[in-house]
Amino acid sequence: MKIQSLLYICSANTYTLLNSLVIMLQAKDIEHVLFHEIDNTNQIIMYLEGEDWCAYERSAFHLFRKKPTINICREVVADGYDVVLVKAFFPMEDLGDILSGLTLKLVADGRLQFVLEERNDGFPEWKKTQLNS
């Protein structure tokens, strides 16, 4: 990451301050994702991360149900958090193919939210399978 590369050239005090800011941003992002995913039964919330669109937790599950060949990985959150998020991701240019036919509900800064017509159940079992594979 660019931020981490910059941190190494700073003095010890500045490094500690900047490192704390990076951790706070990570904590804020985690809270945002978990807040929106906790009861998500029919939405895919996508986040633009660099050149990829990413979905976490239940959104990743819904995306996987729509497109089983999607890339899935574990996103381990460190720095005081013992959280492992399931993440689905794909290149920006594949957005139209992967999400065609879905209803777009929200466009915000680096975020898209789509609504599914049906409810998808089975997330806990799916996540357990993904984490064990």
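A disulfide is a pair of cysteine sulfur atoms within 2.5 Å. This is a predicted model, in which local features need pLDDT of at least 70 and side-chain atom pairs count only at pLDDT 80 or more, while totals for chains, interfaces and linings use all residues. Residues are numbered from 1 along each chain as its sequence is written, and side-chain values use heavy atoms, leaving out hydrogens and water.

View 1. The structure holds 0 disulfides. Cys54 is buried at 2% relative accessibility, whereas Cys73, at 26%, is partly exposed. Here buried means under 20% relative accessible area, exposed over 50%, and partly exposed in between (1.4 Å probe, protein chains only).

**View 2. Glu49, Lys87 and Glu75 form a salt-bridge network.** A salt bridge is a side-chain nitrogen of Lys or Arg within 4 Å of a carboxyl oxygen of Asp or Glu, and the count comes to 4. Glu49 meets Lys87 at 3.1 Å, N to O. Glu49 lies in strand 1 (residues 43–49) and Lys87 in strand 4, so this pair ties together parts 38 residues apart in sequence. Helices (H or I, at least four residues) and strands (E, at least two) are DSSP runs, numbered from the N terminus. Lys87 also meets Glu75, at 3.4 Å, N to O. Lys87 is buried at 11%, while Glu49 is partly exposed at 31%, as is Glu75 at 28%.

**View 3. Glu37, a buried residue without a salt bridge.** Glu37 is found in helix 2 (residues 12–37). How far away is the nearest side chain of opposite charge? That side chain, Arg58, is 6.0 Å away; Lys and Arg count as positive and Asp and Glu as negative, with His and the chain ends not counted. Beyond its neighbours within four places in sequence, Glu37 is in contact (heavy atoms within 4.5 Å) with residues including Ile45, Tyr56 and Arg58.

**View 4. Helix 5 (residues 123–132) and its buried residues.** Phe123, Trp126, Lys127 and Gln130 are buried. Seen down the axis, these buried residues fall within an arc of 100°, so they line one face of helix 5; the arc is that of the directions from the helix axis to the C-beta atoms. They pack against helix 3 (57–66), strand 3 (71–77) and strand 4 (83–91). On the other side, Pro124, Glu125, Lys128, Thr129 and Asn132 are exposed.
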